[in-house]
Amino acid sequence: TAMEIAVGGRMAHIVVDDEHVASTCIELLKSANAGRATFVPLNKIVKCPRSLNLPKEKGVIDFAINLIDFDDEYLNAFYYAVGETLVVEDRSVANKLIGKYRMVTLSGDLFEKSGSITGGAIRKTGLKFSQNSILADFDRTLPLVQHDTVLLCGVPSNIHGISFGLI
């Protein structure tokens with residue numbers, strides 16, 4: 001729950017090699033009147049800092065990025081998704097650090113660095129980290145999309161499927 005809240009709407013963003021692939025995909029969406037999507041070009045996104053200074057406050061678990069299992073080549077994509085979000089035990093810990101960090105509690109309350117707090121009941125809809133059946137469907141569909149991209153554009157598709165998993 002905490003990790004899904006930390007990532008938020010960026011869970012649906014599509015990681016691609018570069019801005020050219022993103023542009024090609026956007027043109028395909030436009031030409032097919034197939035809606036909109038957000039693409040994350042690996043060559044243009046902000047790089048993850050070499051180190052993050054974890055506060056020593058009791059109840060601070062770790063930076064969210066350190067709690068996600070992923071291939072190293074996607075480090076910057078995951079940094080894009082969660083940034084420097086801290087995972088903390090509960091609201092009392094977050095209240096001590098509010099305004100200094102973006103934080104998410106284990107129960108899913110989100111404390112933005114700006115001072116805003118989001119919480120309440122969580123709906124059981126949307127993308128989740130552990131949806132192995134959806135990821136399996138995506139992995140089966142990805143080669144077909146890549147093949148269709150070659151047929152339509154004459155260029156290989158560089159769309160990446162990323163499997164999310166927690167350590």
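In this predicted model, the buried residues of helix α2 are V21, A22 and C25. Viewed down the axis of α2, these buried residues fall within an arc of 100 degrees, so they line one face of the helix. An α-helix has 3.6 residues a turn, so residues three or four places apart point the same way.

Helix α2 spans residues 19-31, 13 residues in total. From first C-alpha to last, α2 reaches 18 Å, close to the 18 Å expected at 1.5 Å a residue. The N-terminal end of α2 is capped by D18, with a side-chain oxygen 3.0 Å from the backbone nitrogen of H20. After α2 comes N33, which has a positive phi, near 50 degrees.

The sheet is described next. Five strands make up an open sheet with mixed pairing, in the order β3-β5-β6-β7-β8. Its edge strands are β3 and β8, each of which pairs on one side only. Strands of a sheet pair through backbone hydrogen bonds, either parallel or antiparallel. β3 and β5 run antiparallel and are joined by three bridges. In one of these strands, β5, V88 is the bridge partner of V60.

| β3 | 60-63 |
| β5 | 86-88 |
| β8 | 117-118 |

Methods: Residues are numbered from 1 along each chain as its sequence is written. This is a predicted model: local features need pLDDT of at least 70, side-chain atom pairs count only at pLDDT 80 or more; totals for chains, interfaces and linings use all residues. Side-chain values use heavy atoms; hydrogens and water are left out. Helices (H or I, at least four residues) and strands (E, at least two) are DSSP runs, numbered from the N terminus. The expected span of a helix is 1.5 Å times one less than its number of residues. Buried means under 20% relative accessible area, exposed over 50%, partly exposed in between (1.4 Å probe, protein chains only). The arc is that of the directions from the helix axis to the C-beta atoms. A polar contact is a pair of N or O atoms within 3.5 Å; within protein, one must be able to donate a hydrogen and the other to accept it, and residues adjacent in sequence count only if both atoms are side-chain atoms. Two strands pair if DSSP finds at least two bridges between them.
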